[in-house]
Amino acid sequence: MAGPFAPIPDFLYGTAWKKDPTAALTEQALRCGFRGVDTANQLRHYNEAGVGEGIAAAYRAGVTSRSELFLQTKFTYVQGQDHRLPYDPAASLSVQVAQSLASSLEHLGTDYVDSFLLHGPAMRQGWSYDDAEVWQAMRKERDAGRARLLGVSNVGLHHLQRMMEVQDEAPAFVQNRCFAVAGWDCDVRQFCRERGILYQGFSLLTANLEVLQHPVVTDPAEQFKVTPPQVIFAFSRQIGMLPLTGTTNGEHMRQDLASRELALPAEVVRKIEKIVG
Ligand SMILES: NC(=O)c1ccc[n+]([C@@H]2O[C@H](COP(=O)([O-])OP(=O)(O)OC[C@H]3O[C@@H](n4cnc5c(N)ncnc54)[C@H](OP(=O)(O)O)[C@@H]3O)[C@@H](O)[C@H]2O)c1
């Protein structure tokens with residue numbers, strides 16, 4: 001890992017569910033100005049090799065370079081995969097983690113990722129021995145220079161609390177689906193805030209469709225001449241989140257990035273945060 005490294009960006013372009021157009025959409029997102037890309041070595045939902053093709057095309061066109069990019073991928077347990085595995089399922093979890101990351105680096109045409117996440121813990125509750133083994137293996141990859149920062153995804157408060165009881169190192173990131181009905185994941189966000197963990201929120205639009213039509217969002221959208229999705233992305237940032245967008249539309253890419261220019265009044269932020277409950 002050579003450096004200098006990209007700063008943690010204020011938006012991540014999500015590459016799930018894009019199949020064949022993954023390469024073209026990733027390149028388009030980079031051309032639009034995204035410098036953070038989220039993927040996973042999980043063919044069931046992500047075409048990680050396609051992400052790498054899109055990035056390579058952007059390099060060739062002089063759009064960006066490796067040191068400007070923040071690349072994030074994930075290790076996914078067998079249970080979260082289909083038959084197309086990026087590792088030997090008979091190998092130990094530690095070996096699976098190493099094989100998965102090695103394959104991600106190949107897909108992405110790089111010798112390090114900026115962030116490596118555990119896609120989801122093994123069980124609905126708690127932090128299992130399997131999770132502990134995987135986390136240890138992820139730390140080993142990080143210490144060897146193949147990942148800069150580590151994180152966990154799809155976690156509840158109970159996972160994080162248990163994790164922190166048995167591990168001596170907090171993750172740098174938590175990446176969760178963020179529901180307004182759950183106070184925008186307020187328990188997990190508070191846990192993260194208190195420990196300096198950066199919370200990454202996904203499905204900010206798709207998990208909260210009714211919120212996009214609510215006057216606490218549509219009124220400021222009208223006032224500031226922006227769209228409701230732009231209000232949600234600006235809001236998410238103002239409460240300390242790093243948002244993801246998975247848009248497949250060039251105009252939406254530009255609008256999503258433009259939400260960085262929007263500063264909502266504190267009162268609007270407070271109302272959106274308390275929209276439910
Ligand atoms: N860790 C995990 O388990 C996990 C799970 C799910 C997702 N993720 C990550 O999160 C990323 C994003 O997923 P997501 O669920 O947030 O998004 P998504 O499902 O990819 O969809 C975003 C939706 O919002 C729409 N949209 C985006 N910007 C818009 C705008 N400005 N105006 C109107 N509509 C807009 C998109 O429509 P258009 O395409 O028409 O713009 C699309 O329907 C994924 O690609 C993946 O990288 C991670």
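**View 1. Gln255 and the ligand in a predicted model.** A nitrogen atom of the ligand is 3.5 Å from an N or O atom in the side chain of Gln255. An oxygen atom of the ligand lies 2.6 Å from a polar side-chain atom of Asp38. For Thr15, a polar backbone atom is 3.2 Å from a ligand oxygen. Taken alone, the ligand exposes 910 Å², and the protein buries 81% of that (areas by the Shrake-Rupley method with a 1.4 Å probe).

**View 2. Helix H1 and its cover.** Helix H1 spans residues 22–32 (helices are DSSP runs of H or I, at least four residues; strands are runs of E, at least two; both are numbered from the N terminus). Among its buried residues are Thr22, Leu25 and Leu30 (buried: under 20% relative accessible area, 1.4 Å probe, protein chains only). Their cover includes strands E1 (12–14) and E2 (36–38). Helices H2 (48–60) and H9 (250–258) also belong to that cover. Gly33 follows H1, with a positive phi near 125 degrees.

**View 3. Val276 after helix H10.** Val276 is found in the segment after helix H10 (266–273). Is Val276 buried or partly exposed? Val276 is partly exposed, because its relative accessible area is 36% (partly exposed: between 20% and 50%).

**Notes.** Residues are numbered from 1 along each chain as its sequence is written. In this predicted model, local features need pLDDT of at least 70, side-chain atom pairs count only at pLDDT 80 or more, totals for chains, interfaces and linings use all residues, and side-chain values use heavy atoms, without hydrogens and water.

Key:
Polar contact = N/O pair within 3.5 Å; in protein donor to acceptor, adjacent residues only side chain to side chain. Contact = heavy atoms within 4.5 Å.
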